[in-house]
Amino acid sequence: MVDDSIDPKKVISKLDSLPGWSLSYIFIGILGVGYFFTFYDIFNINVSFVQTAIEIIPNTLSITGPKFSYIEELLGYATLIQLIGYAIGTLILSPLSDKYGRRDMLLITMSLAAIGSLITVFTQNFIEFSAARFITGLGIGADIAIVYTYVSEVSPIGKRAAYGSIIFLFAALGSITAVWLGLYLTTPAAPIPLGLPFAIGGPGKFGGVIGWRLMYVVGAVLGLIGVLLRFELPESPRWLVSKGRIKEADNIVNNMMERIKKRTGKDIKILDNINVNVVPNASPYREILGNRMYLKRLVMLLFIWFIGYMAVYILAAGFTGILGSIGYTYAGGGFVVAVGSFGFIAAAIIPTYLVSTYIGGSGSP
């Protein structure tokens, strides 16, 4: 039932009038922890998979070192299976947030990814490992889509891109952590730049053959932390309005306005009313595919994301193997990837600065 005691246009007008992030800054950290885990898990497989293969896949111990062809092939299958889960999660699970809410689905997707990471810890063969990666991919694919949706919906129009860029900074930190921790836990000690002198993944060391399992233990713990923290998130006011729960949305927006007033000491000028769809379309895919303007944008974004993800996953999953195929040890290849991963920090900070300073993150509602 639609609550008609409050004008939904006024609720959205107040939300879009806010000059900046109006929830607690803790909520950026809460979303950031989830994104940290997501990209930690994506990059986890890069250095650690060689040790995974040695332990759970027969006949790989004798072909380590420069002969990476078999391990590369298996790594490709494992990554592909996770990406299939990623695509299914994005296309099927993330639209469920239109029905059940952004916050609740954020809890479910992070739980799914954490469970997949935990299952990976106990896998004993390649089939089990791949199945666990598929489950994790389901959660990760949906989570990435819903996080950006949530951030855009709780942000005023002019700040959406800027806050989305800030969240990506946590993703970059997760990527770096995964690669360097993998280098520490799963490779033998070696002088720089052939590895880490203090690595503990060699024979007889603590990491031994279980370092890769410890990597997924860390991932599962991060995922659990992300789930527990997300219970504190409020629901998206825009989603509440779309479901006719206007009073709930208005209460959340009023609290956001009060927080901004206390922070700045200034009154907020409310924008003119804007158009608001109280009941969303039942089939978002039909709307996108049937609208020429949306379809053009979809094709353009598919091309951009295809090129972007091709580059990301070459580095995220396969670059250590590529370097191994041309003569690097996997510790040496892992070190190259680990150093290169710092570029993700620059990739997060620079767009955040440019968008915030020169563009303002403006976008249409």
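Q: Which residues of helix H10 are buried?
A: A residue counts as buried when its relative accessible area is under 20%. In this predicted model, the buried residues of H10 are Ile246, Ala249, Asp250, Ile252, Val253, Met256, Met257 and Ile260.

Q: Where do these buried residues fall when H10 is seen down its axis?
A: They lie within an arc of 165 degrees, so they line one face of the helix. That set packs against helix H1 (8-17), helix H6 (126-154) and helix H9 (237-242).

Q: What span does H10 reach, and what follows the helix?
A: The 19 residues of H10, 246-264, reach 27 Å from the first C-alpha to the last, close to the 27 Å expected at 1.5 Å a residue. Gly265 follows H10, with a positive phi near 75 degrees.

Q: How are H2 and H6 oriented, parallel or antiparallel?
A: Angles over 145 degrees count as roughly antiparallel. Helix H2 (residues 25-56) packs with H6 at an angle of about 160 degrees, their axes being 10 Å apart; the two helices are therefore roughly antiparallel to each other. The crossing in which H2 passes H6 is left-handed. Residues making the contact include Leu31, Tyr35, Phe39 and Thr52 of H2, and Phe126, Phe129, Arg133 and Tyr148 of H6.

Q: Is Thr52 buried or exposed?
A: Thr52, which has its place in helix H2, has a relative accessible area of 1% and is therefore buried.

Q: Which residues is Thr52 in contact with, leaving aside its neighbours within four places in sequence?
A: With those neighbours set aside, Thr52 is in contact with Ile57, Phe129 and Trp212. Phe129 is also among the H6 residues that make the contact between H2 and H6.

Note on methods
Residues numbered from 1 in each chain as written. Predicted model: local features only at pLDDT ≥ 70, side-chain atom pairs only at ≥ 80, totals over all residues. Heavy atoms only, no water. Helix = DSSP H or I, 4+ residues; strand = E, 2+ residues; numbered from the N terminus. Expected span 1.5 Å × (residues − 1). Buried < 20%, exposed > 50% of the residue type's maximum accessible area, 1.4 Å probe, protein only. Arc of directions from axis to C-beta. Contact = heavy atoms within 4.5 Å. Axes fitted to C-alpha atoms, helices over the stretch in contact; angles between N-to-C directions. Parallel < 35°, antiparallel > 145°, perpendicular 65-115°, else oblique. Left-handed = near helix turned anticlockwise from the far one by under 90°.
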